[in-house]
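Let's walk through this structure together, beginning with the chain as a whole and then turning to its helices.

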Amino acid sequence: AWSQGPTRPLPAEPVHASIARRAAATPDAPAATLAGATLSYAELDARAAALAALLAEHGAGPGSHVALA
């Protein structure tokens, strides 16, 4: 086993669905901040959708493993 620490069950909703739901409900709310720049939920959702489309163009799909750097 990699870890002997406590475990938690996985959330029922996938991360991308949670972000999309938050983007629909509160699009201008801050989703992430790094080095003084803030990304709203709408911006994060749009960037995630663009990345998913690009990966799909290159043959990736549900169940595919993709390395990101």
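The radius of gyration used here is taken over C-alpha atoms, and the globule rule is 2.2 Å times the number of residues to the power 0.38. In this predicted model, the chain has a radius of gyration of 15 Å, whereas a compact globule of 69 residues would have one near 11 Å. Taken along the principal axes, the C-alpha atoms of the chain fill a box of roughly 40 × 30 × 25 Å.

Now for the elements inside that box. The chain holds two helices and two strands, and from the N terminus on they run in the order α-β-β-α.

How do the axes of helix H1 and helix H2 cross? H1 covers residues 15-25 and H2 covers residues 41-57; their axes come within 8 Å and cross at roughly 135°. Angles over 145 degrees would count as roughly antiparallel and 65 to 115 as roughly perpendicular, so H1 is oblique to H2. The crossing of the two helices is left-handed.

Which residues make the contact? H1 brings Ile19, Ala20, Arg22 and Ala23, while H2 brings Tyr41, Ala42, Leu44 and Asp45. By type, the residues of this contact divide into six nonpolar, two charged and no polar.

Finally, follow H2 to its end. With 17 residues, H2 reaches 24 Å from its first C-alpha to its last, close to the 24 Å expected at 1.5 Å a residue. Just after H2 comes Gly59, which takes a positive phi of about 100°.

How values were computed. Residues are numbered from 1 along each chain as its sequence is written. This is a predicted model: local features need pLDDT of at least 70, side-chain atom pairs count only at pLDDT 80 or more; totals for chains, interfaces and linings use all residues. Side-chain values use heavy atoms; hydrogens and water are left out. Axes are lines fitted to C-alpha atoms, for helices over the stretch in contact, and angles run from 0 to 180 degrees between N-to-C directions. Helices (H or I, at least four residues) and strands (E, at least two) are DSSP runs, numbered from the N terminus. Angles under 35 degrees count as roughly parallel, over 145 as roughly antiparallel, 65 to 115 as roughly perpendicular and the rest as oblique. A crossing is left-handed if the near helix is turned anticlockwise from the far one by less than a right angle, and right-handed if clockwise. Contact means heavy atoms within 4.5 Å. Ala, Val, Leu, Ile, Met, Phe, Trp, Tyr, Cys and Pro count as nonpolar, Asp, Glu, Lys and Arg as charged, and the others, Gly among them, as polar. The expected span of a helix is 1.5 Å times one less than its number of residues.
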